[in-house]
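Thanks for coming. Please have the sequence and the structure open while I talk.

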Amino acid sequence: MGKPTGFMDYGRQSAKAAPPKERISNFREFHTPLSKEEQQRQGARCMACGVPFCQSGMELMGMVSGCPLHNLVPEWNDLVYTGNWEQAYNRLMKTNNFPEFTSRVCPALCEAACTCGHYGDAVTVKENEYGIIENAYAQGFAKARPPKVRTGKKVAVIGSGPAGLAAADQLNRRGHLVTVYERDSRVGGLLMYGIPNMKLEKEVISRKIRLMEEEGITFLTGVNVGKDVKASKLLKEYDRVILACGAKNPRDIKAPGRDAKGIYFAVDFLAATTKSLLDSGLKDNKYISAKGKKVVVIGGGDTGNDCVGTCIRHGAASVTQLEMMPKAPDLRAEDNPWPQWPKVCKTDYGQEEAIALFGRDPRVYQTTVKEFLKDKNGKLCGLTAIKLESKKDEKTGRSTMAEVPGSESRMDADLVLIAAGFLGTEKYIADAFGVTLDERTNVKSPKGQYSTNVKHVFTAGDMHRGQSLVVWAIREGREAAREVDESLMGYTNLGT
């Protein structure tokens, strides 16, 4: 696989990002892809290691190492190196339905587990994937391939996020008739409205959806199952139903003053911006504007970072990001060796832009909100922050973050965005189908399976496993499709 001495002959070269102050003027993707020749050199860096941890997707110390989809990484790295781009595309599509999405938004678990990265710089696996799929569209390899034979079986997929789309794609390939129901005005779920345009331009989604429609999948948008359409009706019309509605319940911050005007959940803020951007280029003003405002983002994860980048593009006066946990180390700790996922501090695009624009990292660690402050009109005007420290619970032995007495401080804020994660399934859709939820309010299924307590009803994605990565949603959709197919046909030849 690759060139035997490639990892010594060539250094890692990544796609160049536009300078922060330049890219914040718009909502477009801001990386310049590598040339085809350079991409082939990067493919040559694959070491042909005896154990390809990059595609293992195994759990080590509570975190996954390598690709959960078990992408055939060394194989298509070699095919990129030799310039066999069409075969590289064919190998990539065996395990991943949507490389155009994962090559943009996945955190690249594959690269963190790369053997080359143990001693130096990892192979550019994610960018090689990007090169393969974009070349496939440019050369016409990525085209509609409708199934030659139909089974006559009908499946309804509720939700058009990555899990629902993956399940629909797999079942359609098998020859089943698939209809996808989406309550929003556009297909894509989390991909469309949860991820900002500068990370994943929405035409990339639409391009893939057009192919899926040509292959025979039906998409119905603006249909809220459980409200607009009864579950009982779908159970009569379809042989099987897959619930892939995501984990849409945002975690709230229960602090005095929470009712102040100017506090929003991050998911609503991001979705409104994207919808207005697509509908009118932000000219309709139907979004939550951060222009000229002092913004505080509560939450240090990817969604919090997306809020930082979006607020900067709005023209925010300042942005501060509160993180409950301590700052991660800049380098791997001794108890976090390769090939475990590296628990290190990552400065993402939004934080880079804040540093360039405001001259400081927006993150404030080990801090949370004690109280939201409002003026006489009930409008948010600031907040009281308090420091946190790690303490061990004597009863459970677990470490928790506890308030430090006397550490309160005031922050000015005109806009607060809560990006504290999600709590699970929205109750109305679970009640509509009568599916049982577990203690985390995810739809319950037997261990390692996707069937629910309701006959012929299955589940997948964040609705099943809780808030997670796009790559995990795709894997869940693929595995759920396999289980559905076997229940319909008595056997299955779908891969996972």
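Which helix does Val-484 lie in? Val-484 is part of helix H19, residues 470-489. Keep in mind throughout that this is a predicted model.

Now, is Val-484 buried or exposed? Its relative accessibility is 0%, and buried means under 20%, so Val-484 counts as buried. What does Val-484 touch, if we leave aside its neighbours within four places in sequence? The contacts are Val-155, Leu-171, Arg-240, Ile-242 and Phe-458. For a distance across the model, take Ser-276, which is 208 residues from Val-484 along the chain. The C-alpha atoms of those two residues are separated by 37 Å.

Five strands make up an open sheet, in the order E7-E6-E5-E8-E18, with parallel pairing. Strand E7, 218-221, and E18 are at the edges; each has a single partner strand, so one side of each has no neighbour in the sheet. On average, neighbouring strands here are turned by 20 degrees against each other, direction ignored.

Let me go through the pairs. Strand E5, residues 154-158, is joined to E8 by four bridges, and the two run parallel. Ile-158 has Leu-243 as its bridge partner in E8. Leu-243 also has a bridge partner in E18, namely Thr-459. E8 and E18, residues 457-459, pair over three bridges, again in the parallel sense. E5 is also joined to strand E6, residues 177-182, by five bridges, running parallel. In that pairing, Ala-156 stands opposite Thr-179 in E6. Helix H10, residues 162-174, packs on the sheet and touches E5, E6, E7 and E8. The direction of H10 makes about 165 degrees with that of E6.

Last, a pair of helices. The axes of H4, residues 73-81, and H5, residues 85-93, come within 8 Å and cross at roughly 165 degrees. An angle over 145 counts as roughly antiparallel, so that is the label for H4 and H5. Their crossing is left-handed. On the H4 side, the residues that meet H5 are Glu-75, Trp-76, Leu-79 and Val-80. On the H5 side they are Trp-85, Gln-87, Ala-88, Arg-91 and Leu-92. By class, this contact has six nonpolar, one polar and two charged residues.

Terms used:
Residues are numbered from 1 along each chain as its sequence is written. This is a predicted model: local features need pLDDT of at least 70, side-chain atom pairs count only at pLDDT 80 or more; totals for chains, interfaces and linings use all residues. Side-chain values use heavy atoms; hydrogens and water are left out. Axes are lines fitted to C-alpha atoms, for helices over the stretch in contact, and angles run from 0 to 180 degrees between N-to-C directions. Angles under 35 degrees count as roughly parallel, over 145 as roughly antiparallel, 65 to 115 as roughly perpendicular and the rest as oblique. A crossing is left-handed if the near helix is turned anticlockwise from the far one by less than a right angle, and right-handed if clockwise. Contact means heavy atoms within 4.5 Å. Ala, Val, Leu, Ile, Met, Phe, Trp, Tyr, Cys and Pro count as nonpolar, Asp, Glu, Lys and Arg as charged, and the others, Gly among them, as polar. Two strands pair if DSSP finds at least two bridges between them. Buried means under 20% relative accessible area, exposed over 50%, partly exposed in between (1.4 Å probe, protein chains only).
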